[in-house]
Every structure is written in structure tokens, then in C-alpha cells.
Amino acid sequence: MNDCIFCKIVKGDIPSKKAYEDERVYAFHDIAPAAPVHVLVIPKEHILAGVDEINEQNADIVAYIFTVIPKIAKELGLTNGYRVVSNIGADAGQTVRHIHFHIIGGATLGAMA
Ligand code: AMP
Ligand code: ZN
């Protein structure tokens, strides 16, 4: 995806502050953090635009991401809890259509909207 900013981040064309990386997944600190810790976890490949595109054929990468999230949270020191969020579409305010999961923590978080 030529015009996808997260693909550009994976390629290194846009700089990012790395939190985690393996063969399939990249995680980096959000440029506009909503809490003291705010990391975005993404598949390196632009397989899915969002949770709305998950199906039986592509769910393996999503399951894999959810095995990585607790590891990242532990590395980030989020021992007292954290929130995992994925915005889907316009009503949720999704701005980047490359599937991603926000890890938010480092403070007591308010109630969900
Ligand atoms: P969403 O609104 O759920 O699609 O999340 C997109 C997130 O990407 C927002 O929280 C933005 O602050 C974040 N973001 C946008 N551009 C960058 C960037 N260059 N580096 C890090 N985070 C970014
Ligand atoms: Zn992308």
C-alpha cells in the first residue's frame, strides 16, 4: 500500500520509536499518546484494513498479534493493567486503515466512552 503511513513506518520511510519487532509484527509509540504509555501494534504486511476485515482466512495474524500484546505490555512495565483498543471505521474515529491495536496504560484510565 503506497499511501499507507503504517506501511511507510514498517519500511522505515517514516521514523518511529520502536517498542517491539519480530518477523510478522511491529510495535511503536503513538505520536499523540492518550496516556503515559501508548503503543500501536501492527502486522508488518498490509493484510487487513481493520477488525471489520477479519475472517477465517486471515485471522491467524490477529491471533498472533494477541500473543505478542501481553509480551509488549510486560516489557513496557504495565504490571497494573492496560487497555487494548482497535478503532473501526468513521464512527470510531479510525484514521489509519492498516489494522492496529492500541496498548494504552501507565496510569489509571478513565471509563470507556
Ligand atoms: P486510529 O485513530 O485508531 O486509526 O489510530 C491511529 C493512530 O496512529 C493515532 O493514535 C495517531 O496518533 C497515530 N499516528 C499517526 N501517525 C503516526 C506516526 N507517524 N507515528 C506514530 N503514531 C502515529
Ligand atoms: Zn499499510
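A residue counts as buried when its relative accessible area is under 20%. I keep that cut-off at hand while I look through this model, which is a predicted one.

**Entry one: the rings**

I started with the aromatic side chains and found 3 aromatic pairs. I looked up F6 and F28 and read 5.4 Å between their ring centres and 80 degrees between their planes, so I noted this pair as edge-to-face. Are F6 and F28 buried or exposed? Both are buried.

Next I checked Y26 against F28. Their ring centres lie 5.7 Å apart with planes at 25 degrees, and I call this pair stacked because planes under 30 degrees apart count that way. Y26 is buried, like F28. Putting these notes together, I have F6, Y26 and F28 in one aromatic cluster.

**Entry two: a charge over a ring**

Which residue lies over the face of Y64? I found R24 there, at 4.9 Å from the ring centre.

**Entry three: the surface**

F66, Y82 and V84 make a nonpolar surface patch of about 240 Å². I traced V84 to strand β4, which covers residues 82-85.

Definitions and conventions
Residues numbered from 1 in each chain as written. Chains lettered and ligands numbered in written order. Predicted model: local features only at pLDDT ≥ 70, side-chain atom pairs only at ≥ 80, totals over all residues. Heavy atoms only, no water. Patch = residues over 30% accessible without salt bridge, like charges linked within 9 Å, V, L, I, M, F, W, Y side chains within 5 Å. Areas by Shrake-Rupley, 256 points an atom, 1.4 Å probe, with all protein chains shown as cover. Salt bridge = Lys/Arg side-chain N within 4 Å of Asp/Glu carboxyl O. Helix = DSSP H or I, 4+ residues; strand = E, 2+ residues; numbered from the N terminus. Phe/Tyr/Trp six-rings, centres within 6.5 Å; stacked < 30°, edge-to-face > 60°. Buried < 20%, exposed > 50% of the residue type's maximum accessible area, 1.4 Å probe, protein only. Lys NZ or Arg CZ within 6 Å of the ring centre and 35° of its normal.
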